[in-house]
Amino acid sequence: DQTIRIMCPEDGDPFKDFHFHYNVGNNRGFLCTKKNFGEYCPVCDFASKLWREGVASNDDELKKQAKSLFTRQRFASPVLVRGEEDKGVKVWSYGKRAYETLIGYVLNPEYGDITDTEKGTDIRIDYGKKSGQSFPTTDVRPMRRTSPLAKTEEEVNTLLESIKTADEIFDVASYEDCEKVLNETLGDTDTSGTNETTRYD
């Protein structure tokens, strides 16, 4: 459980959405070049072809493999963790459910601008698996009272200036990187002895 303060970057958007590829190679996930930047993505292309073949042949295993390669939407906000202010600005990554809850607070006039540096609202995050649940969930609750982001204007400015951009935070894979990781994930050959990259051109 943590209490955080969401901060607003210079571009005015504290709630950015990103699309990641997971289950590809030994990495924590990387930004999809197609969904995020409008460029060609070999992973998306391969996953789509795999899905179409699975549908055409009614092969649930192929469709399952394709789904594991599809992008996953995540949201990210620059935050200051209360009690750890000395560690500077961090990035909180969260799912759609938490995002929708946050937007509900943002649109609620009772809270106003929760990122305001003088009269914003800290957010309490409770993450865990409750009784009867199969997966952990993130509960987001605003604090009752407003508070300043930091004690002095100088501290506030220093924090705001230290907010990083997406490409400084997340791994942005090049076309060559994507293709290499995809090939490593698939292996040299499939069970029929056909090279996957050759099979799907």
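**View 1. Asn23 in the loop between strands E2 and E3.** In this predicted model, Asn23 is exposed, with a relative accessible area of 53%. The residue is found in the loop that runs between strand E2, residues 16-21, and strand E3, residues 30-31. Most residues other than glycine have a negative phi. Asn23, although it is not a glycine, has a positive phi of about 60 degrees.

View 2. Although Asn58 is not a glycine, its phi is positive, at about 55 degrees. With a relative accessibility of 61%, Asn58 counts as exposed, because the cut-off for that class is over 50% relative accessible area.

**View 3. The crossing of helices H2 and H3.** Two packed helices are described by the angle between their axes and the distance between the axes. Helix H2 spans residues 42-57 and helix H3 spans residues 60-69, and their axes come within 8 Å and cross at roughly 160 degrees. That angle makes H2 roughly antiparallel to H3, because angles over 145 degrees are placed in this class. The crossing of H2 and H3 is left-handed.

**View 4. The residues between H2 and H3.** From H2, the contact is made by Val43, Phe46, Ala47, Leu50, Trp51, Glu53, Gly54, Val55 and Ser57, while H3 contributes Leu62, Lys63, Gln65, Ala66, Lys67 and Leu69.

**View 5. The stretch of residues 188-201 and the confidence of the model.** Across the protein chain the pLDDT averages 85, and 90% of the residues score at least 70. Over residues 188-201, however, the pLDDT is below 50, and this stretch has 15 contacts in the model beyond near neighbours in sequence.

**View 6. The protein chain around the close-ups.** The protein chain that holds these details has 8 helices and 7 strands. Of its 201 residues, 34% count as buried. Where contacts in the protein chain join residues at least 6 apart in sequence, 58% of them join residues at least 24 apart.

Terms used: Residues numbered from 1 in each chain as written. Predicted model: local features only at pLDDT ≥ 70, side-chain atom pairs only at ≥ 80, totals over all residues. Heavy atoms only, no water. Axes fitted to C-alpha atoms, helices over the stretch in contact; angles between N-to-C directions. Helix = DSSP H or I, 4+ residues; strand = E, 2+ residues; numbered from the N terminus. Parallel < 35°, antiparallel > 145°, perpendicular 65-115°, else oblique. Left-handed = near helix turned anticlockwise from the far one by under 90°. Contact = heavy atoms within 4.5 Å. pLDDT = per-residue confidence, 0-100. Buried < 20%, exposed > 50% of the residue type's maximum accessible area, 1.4 Å probe, protein only.
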